[in-house]
Amino acid sequence: MTLTATSFDWVRALVHRESAIVLQPGKEYLVEARLLPIARQRGIADVSTFVESVRSRPDTDSMRCIVEALTTNETSWFRDGDPFTALTSTVMPALLAARGPNERLQIWSAACSSGQEAYTIAMLLVDSMPSATTRVSITATDLSREMVARTKAGRFSQLEVNRGLPAPMLVRHFTRAGNEWEVAPALRRMVTATECNLAAPLPRMGPFDVVYLRNVLIYFDLPTKQVILRRVRELMRPDGWLFLGAAETTLGVDDSWERVVVGRSSAYRPIKGK
Amino acid sequence: MTELHDTGERRRTSDTPPSITDLIDEETVRSIVQEAWSALIGEDELLVPLPGGLPENAVSSWVHVAGPWNGIVVLTCGRSTAEQLSRELLKEHAPPVIEDEDIEDALGELANVVGGNVKAVLPGPSALGLPEVGSAPVAGSDTRRVDLLWRGQSLTISVQGSAGAPLDQ
Amino acid sequence: MRALVIDDSRVMRRIVAGILEDLGYEVQQAGHGREGLDVLNGGWVPELACVDWNMPVMDGLQFVSAVRSNPAWRQVTIMMVTSESEHGQIVRALAAGAHEYVIKPFTADAIRDKLALLGLLPEEVVL
C-alpha cells in the first residue's frame, strides 16, 4: 500500500513541529524509504499501516522514531559538523590537559559504515592539532564485514566525496585512484577497523576517551538502547565523552549520563557512581 | 602465464600514443556513467550492461579531451531516449514542451559530465572541450565502447582515440 | 539570499537554480563568465556564485580570478560546479579563490551539504 495523503500530511506536520524541517509535497518516497525499516522492525509490512497505527494511537517512542528517521543524515563527512568542531575546540584540549604527556588517547567511531566519520576525525586532528596525532588512535567498528573492508580500504566514490567534505580537505588528504578517491596513508594508519555487533556483548576494546555513536540507537527498541549504552559506558574512561546523533539523547533511556553542551552540540559524560 | 622479456626494442612515447583500451577498462567507464545517471537522472536508475541496438534516428553528443591522450568521449542514444533524459534531468523544472535546443543541451551536458570524469581517470593534465551534438564521429580501431540499456532503451558510450580515426568528418 | 548561477548549459543552469530556489535563494543566471561579470557590474552582487569551469567567451577560472581581483566583490562566496575532477584542477580553482568545489555529477543533497559547510544554508531546511 502506498502512503496516503493523510498519512503523509500527518508525518509532515509532526516532523515540522519537532524539528523545523519541511518535507515538501513529492517527498512521499523519502518518507516511505526512511520509515520502512522501522515499520518492519515492529512487524508491520508497510509504511502506511505503520503511520496510521501511530496516528490513531500516538505514543512518544514511535513519534520520536519517525522524526529521527526523517531528520537523520546518512554519514556525510562534516555535514553535521558540530560534534566534530566540539572535538577540537573543547574535548581534545580537556583530554590532553588531563592525561600524561605520553598517554594514548583512544577514539571510537561506532557503526562506522564506510569510514567517513573515522576519517573525518582523523583529518580534523591532523589539520588542527598535528602534534597530538601520534598519541591518538581511532577504532572504527561496524556490524557489516563489507563496511569494515571499505573503511580499511579508505576509498570513496565521487558521489561520496561530493557530500559534505570540504574541498580544501579533499585535496589535502585524498588522491585519485581511478574513478575513486583514496585517503592518505597517514590517515589510514590512524584508523583501525574491526567488526562489532553493538547489540551483542562487546569485544575487549578501549578504554575510550571519546565515543561517536551517532544515528545508531534509533534503530533499536528501548531495552536494547539501554543495554548498548551500558556496554559502551563500560568501555569508556570515567571522564570520557559520548556523542550521539543530533536527534538522539540518553534522557529517558539511561540516567547514568550527564548531558553537557559543547559549542552548538551536546555530549554525554558518565556520572560518577552510577 | 607467459613471462614477458624485455627484447630491448623500445619506442619513444611520442611515437606511440597510448591506446585507450590500455588506459581505461569497461568497468570504469560503466561506473562513471552509472554515477552520472544515479545522481542526475535518479537514484534508482540502473544501467544494464547489454547491447540493445540503436534506432535509425540516433543522436550523439561528445567532448574532446586534449592532453597526453587525445580523443573524444561520445554518448549516443535514440532521439526519444534523449528527450526522456532531458525531461528527467530537469524533473519538476522541465517545461511542458521540451524544445530541440533543450534536448541538445541536455545531451551535451551529459557528455560533458561523463567526459570530465573519464578525463580524470586518464593521464593528465588535459583540457576538456565544449560539448558538441550531431551525428557521431566515426569510431576508429582505438575505441573503448560500452553498451548500456536505460529503461530498456539502448545507449552507448565510446571513448575514441584520435589515433584510430580522423575526428573531424 | 542571492545566488548567481553561471553555466553554458541552460539545462544545468535550471537544475542548479532550481535547487537554490527551493532553498529560498533569489537566483540570476548567466551563460558564461563575461555575462556573470556583467551581472555583478550591474550592481547585483550575490552572496553565492555557482560557476562551471569550461564555458565559451570566459571560463570559470577566469571568472573566479576576475571576481577575486575586485575588493568590492569580496563578499561573494564562489563554488565551482563542474565536471573537471582531477586533483590538480580542484587545487587550481581553490588557489584562484574559489571557496568550494562540487564535482558533476552531483545531487541536490551535495549542493545543500556544501552550502551548510559554507554557512549559506537557510535556517529552515527543506527536504
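**Figure 1. Polar contacts between chain A and chain B.** Across the interface of chain A and chain B there are 2 residue pairs in polar contact, both at pLDDT 80 or more. A polar contact is a pair of N or O atoms within 3.5 Å; within protein, one must be able to donate a hydrogen and the other to accept it, and residues adjacent in sequence count only if both atoms are side-chain atoms. The side of chain A that touches chain B has 1 nonpolar, 4 polar and 1 charged residues. Here Ala, Val, Leu, Ile, Met, Phe, Trp, Tyr, Cys and Pro count as nonpolar, Asp, Glu, Lys and Arg as charged, and the others, Gly among them, as polar. The structure is a predicted model, in which local features need pLDDT of at least 70, side-chain atom pairs count only at pLDDT 80 or more, and totals for chains, interfaces and linings use all residues. Residues are numbered from 1 along each chain as its sequence is written, chains are lettered from A and ligands numbered from 1 in the order in which they are written, and side-chain values use heavy atoms, with hydrogens and water left out.

Figure 2. Chain A contributes 6 residues to the contact and chain B contributes 8 residues, where contact means heavy atoms within 4.5 Å. Together the two chains bury about 590 Å², 52% of it on carbon and sulfur atoms. Of the area that chain A buries against chain B, 71% is supplied by L159(A), R176(A) and N179(A), more than by any other three residues. Buried area is the accessible area (1.4 Å probe) that two parts lose on being put together, summed over both.

**Figure 3. A salt bridge between chain A and chain C.** R163(A) forms a salt bridge with D113(C), and the closest N and O atoms are 2.6 Å apart. A salt bridge is a side-chain nitrogen of Lys or Arg within 4 Å of a carboxyl oxygen of Asp or Glu. The interface of chain A and chain C has 1 salt bridge, while the count between chain A and chain B is 0 salt bridges. Chain A and chain C also have 8 residue pairs in polar contact across their interface, both residues at pLDDT 80 or more. On the side of chain A that touches chain C, α9(A) gives the most, with 4 residues. Helices (H or I, at least four residues) and strands (E, at least two) are DSSP runs, numbered from the N terminus.

Figure 4. The contact takes 27 residues from chain A and 26 residues from chain C. About 2,100 Å² is buried between these chains, 59% of it on carbon and sulfur atoms. In chain A, the residues that lose the most area to chain C are R79(A), N162(A) and V171(A), together 28% of what that side buries.

**Figure 5. A salt bridge within chain A.** The side chains of E180(A) and R155(A) meet in a salt bridge at 3.1 Å, N to O. This pair links distant parts of the chain, with E180(A) in strand β5 (residues 180-183) and R155(A) in strand β3 (residues 155-157), 25 residues apart.

**Figure 6. Backbone details in chains A and B.** G206(A) and P207(A) are joined by a cis peptide bond, with omega about 5°. P207(A) lies in the loop between β6 (191-195) and β7 (208-213) of chain A. In chain B, the peptide bond from G124(B) to P125(B) is cis, with omega near -5°.
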